[in-house]
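This report looks at the links between side chains in one protein chain.

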Amino acid sequence: MNHTRARRAVPVTAALVLGLVAAPPAWAANPPGVASVGSAGFSKDGTQVDIAPLAPCAVDGVTSASSEAVVRQGIRFGPGTSSCTTTVVDPTNHTTTTTSEANGTEFELSTLVAEGGPRLRIGKWRVTCTATDRGTGTDWGLNGLQGFAGLPDEIPPAYRHEIRSASGAVLAVATFNENTTPEQNDGSMALTMLRITFTPDSKATGQVVVGTAACSPTP
């Protein structure tokens, strides 16, 4: 069955302590602005699968990127794009905002099928991290899900979803909407839309990441 998830708005203002936002950029736990379509690093049946971050961008580096379809044993990422932009909103006071976004398509994870698990698919997804001089926020959305049986209509932050075999064994844990902020709040934030971590019953070790973005308050 093909499940569609509407756009998920997850605004989070990270700059709770204004004094820390004005700290030197070197104190930031997250970069000024980055995004990537996804990545993977796992081993199964003696085969190591490594996919470096796809279409990575950075506001202080390569500001846009694209990636072609990547197919490895048990996994596929379709074409994707990213953009990390800076906008000047007040030239007089040198005030800027940044938007770091990645868009991906046609994800498929089939490595669990051999152990009686589902074939996982995501048709399209998007992750965004936006920053101003006052704080940061994240947003994400996806549609065309298959294989994630029992996923709620509204997915809360850091939602853990067990992926089971036909016999009920937990083969992997899928964590959706994973927002992280530094222990000493400097206003920066990182978002992982989906992280799939394999369990021993899958006969695989490692993880797969789908959609990441991070940013810090602008100067």
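## Disulfides, core and salt bridges

Cysteine 129 and cysteine 215 are both buried. The model is a predicted one. In it, these two cysteines are joined by a disulfide, with an S to S distance of 2.0 Å. Cysteine 129 belongs to strand S9 (residues 120–131) and cysteine 215 to strand S14 (residues 204–215), so the bond ties together parts that lie 86 residues apart in sequence. The torsion about this S-S bond is about -70 degrees, so the disulfide is left-handed.

The count of disulfides is two. The other pair is cysteine 57 with cysteine 84, at 2.1 Å from S to S. This pair also links distant parts of the chain, with cysteine 57 in strand S3 (residues 57–58) and cysteine 84 in strand S7 (residues 80–90), 27 residues apart. Here the torsion is about 60 degrees, so the disulfide is right-handed. Cysteine 57 has a relative accessible area of 5%, so it is buried, and cysteine 84 is buried at 2%. With the bonded cysteines numbered in sequence order, the pairing is 1-2, 3-4.

In soluble globular proteins, nonpolar side chains tend to be buried together. The largest nonpolar core in this model has 46 residues, and Ile75, Phe107, Phe148 and Val208 touch the most other members. Strand S9 gives the largest share of this core, six residues.

Glutamate 106 lies in strand S8 (residues 95–109) and arginine 76 in strand S6 (residues 75–77), 30 residues apart. Glutamate 106 is partly exposed at 42% relative accessible area, and arginine 76 is partly exposed at 26%. Arginine 164 is partly exposed at 42%, as is glutamate 162 at 41%. Glutamate 178, by contrast, is buried, with a relative accessible area of 18%. Its partner arginine 195 is in strand S13 (residues 189–198) and glutamate 178 is in strand S12 (residues 170–180), so this pair ties together parts 17 residues apart in sequence. Finally, Lys44, Asp45, Glu115 and Lys203 are linked in a network of salt bridges.

Methods:
Residues are numbered from 1 along each chain as its sequence is written. This is a predicted model: local features need pLDDT of at least 70, side-chain atom pairs count only at pLDDT 80 or more; totals for chains, interfaces and linings use all residues. Side-chain values use heavy atoms; hydrogens and water are left out. A disulfide is a pair of cysteine sulfur atoms within 2.5 Å. Helices (H or I, at least four residues) and strands (E, at least two) are DSSP runs, numbered from the N terminus. Buried means under 20% relative accessible area, exposed over 50%, partly exposed in between (1.4 Å probe, protein chains only). A nonpolar core is a set of buried Ala, Val, Leu, Ile, Met, Phe, Trp, Tyr and Cys residues joined through side-chain atoms within 4.5 Å. A salt bridge is a side-chain nitrogen of Lys or Arg within 4 Å of a carboxyl oxygen of Asp or Glu.
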